[in-house]
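This report describes a structure for a reader new to it. The sequence and the model are shown first, and the description follows.

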Amino acid sequence: MAELSDEELCQSVAKGDRQAFELLVERHQARAYRLACSVLGNEAEARDLSQDAFIRLYESAHRFDGRSRFSTWFYRVLVNLCIDYKRRDKWWRKMLPLAGPGDDPDAPGVDPPAPEEGPEVAAMLGQSTGRLREALERISPNQRIAVLLQAQEGLTSREIAEVLKCSEATARVHIHRGLAQLRKLLRDE
Amino acid sequence: MTSHPETELVPFLREELSAEERARVQHHLDDCELCRQAMNELAATMRRVSVRLEELPTPEWSAYRRELRLKLAARTERRARWWRPAVAWTTLATAGVGAAMLAFVLWMRPSSPGIAPGVDQLAMEQPETVDIGLLRNYGMVEKLDLLENYDVIEHLDELPPAEQRNGTRS
């Protein structure tokens, strides 16, 4: 079974194959967790939501029609969960707003807003991964997701557009702006 | 020089562009030092992000999967538990709504039993409200649209002979 593609495993999951599901989880757990962690900026929430994405995968595997790659479909599920979570969350925890100023691809590039430096952020300063996480939190969510999907998962602009439900041109703008912002933020590293 | 193809630099690096787009960007890069530099910086940032993401702390995966299995089992159980009473409640609710509708229909039903009378019968039973003469000539009434000139036709015999009418006119 290990030699089966993700798409074939997903078809088996749709038929209730738990072994295929376990294998898909093993293949994608690290990426899913890291992506959720980078989007949400919180390890416990990332753990929880990435697991929820796998549960969603188990329950909706029959909806995967094979028109796109499995990873594109799955990351769309995961990103939607993260976005929904942040939408709900911001009401009572005042986290970063979902639509950041950099999300409008037609707007001129803007500098990221100054972060609210809590003790967690301060503790991360001086650590390279911590700095990256901090920098990622300072760019808009769509830019963050676009850059992560490209850098981490190697998704193409077209696939990222599918995940973000936008045009390919817009996805390219998100990638470009996100990388440009990150370069500026990480320059002094 | 054309405008800088900023957003196409990463797709160019990743070989995502069509042959035509690629040639256009390549042509621009040949002449634009600024874009070449920007492209190299974007590529370096992408590499750095990619490497650093690999360094992010990750959970202990066997514990992660165990937790996931438990969550999945709990969810399946919860759904099963919810489903059983759900079926029972749905059946009960449907029966209740059906009974209520039946009672409403019975309550709204006219008190006199039997089949509802036809229009003609109803008219005959309520003579004070209808023109009996019309009902007696119901066949004609049905053809009223053909008898638009009924008054003229009715008094045809009272008209003077044709010669007389012509004479009067002339």
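How many helices and strands make up the secondary structure of chain A? Chain A comes to nine helices and zero strands, where helices (H or I, at least four residues) and strands (E, at least two) are DSSP runs numbered from the N terminus. This is a predicted model, in which local features need pLDDT of at least 70 and side-chain atom pairs count only at pLDDT 80 or more, while totals for chains, interfaces and linings use all residues. Residues are numbered from 1 along each chain as its sequence is written, and chains are lettered from A and ligands numbered from 1 in the order in which they are written.

**Chain A as a whole**

Chain A has 189 residues, of which 43% count as buried. A residue is buried if 20 or more other C-beta atoms, placed from the backbone, lie within 10 Å of its own, exposed if 12 or fewer, and partly exposed in between. Of the contacts in chain A with a separation of 6 or more, 61% are accounted for by residues 24 or more positions apart; two residues are in contact if their C-beta atoms, placed from the backbone, lie within 7 Å.

An α-helix has 3.6 residues a turn, so residues three or four places apart point the same way. Just after α1(A), A:G16 has a positive phi of about 90°.

**Two helix pairs**

The table sets out the packing of two pairs of helices. Axes are lines fitted to C-alpha atoms, for helices over the stretch in contact, and angles run from 0 to 180 degrees between N-to-C directions.

| Pair | Axis distance | Angle | Crossing |
|---|---|---|---|
| α1(A) and α2(A) | 8 Å | about 140° | left-handed |
| α7(A) and α8(A) | within 10 Å | roughly 140° | right-handed |

A crossing is left-handed if the near helix is turned anticlockwise from the far one by less than a right angle, and right-handed if clockwise. Angles under 35 degrees count as roughly parallel, over 145 as roughly antiparallel, 65 to 115 as roughly perpendicular and the rest as oblique. α1(A) and α2(A) are therefore oblique to each other, and α7(A) and α8(A) are therefore oblique to each other.

In the second pair, A:N142, A:I145, A:A146, A:L149 and A:Q150 of α7(A) meet A:I160, A:V163 and A:L164 of α8(A). This contact has six nonpolar, two polar and no charged residues. Ala, Val, Leu, Ile, Met, Phe, Trp, Tyr, Cys and Pro count as nonpolar, Asp, Glu, Lys and Arg as charged, and the others, Gly among them, as polar.

**A:F74**

A:F74 is found in helix α4 of chain A, residues 70-93. A:F74 is buried, with 25 other C-beta atoms within 10 Å. Leaving out residues up to four places away in sequence, A:F74 touches A:H28 and A:L57. The C-alpha atoms of A:F74 and A:V163 are separated by 9.0 Å, although these residues are 89 residues apart along the chain.

**Contact with chain B**

In the interface, 28 residues of chain A are in contact with 27 residues of chain B. On the side of chain A that touches chain B, α9(A) gives the most, with eight residues. The residues of this side divide into 15 nonpolar, nine polar and four charged.
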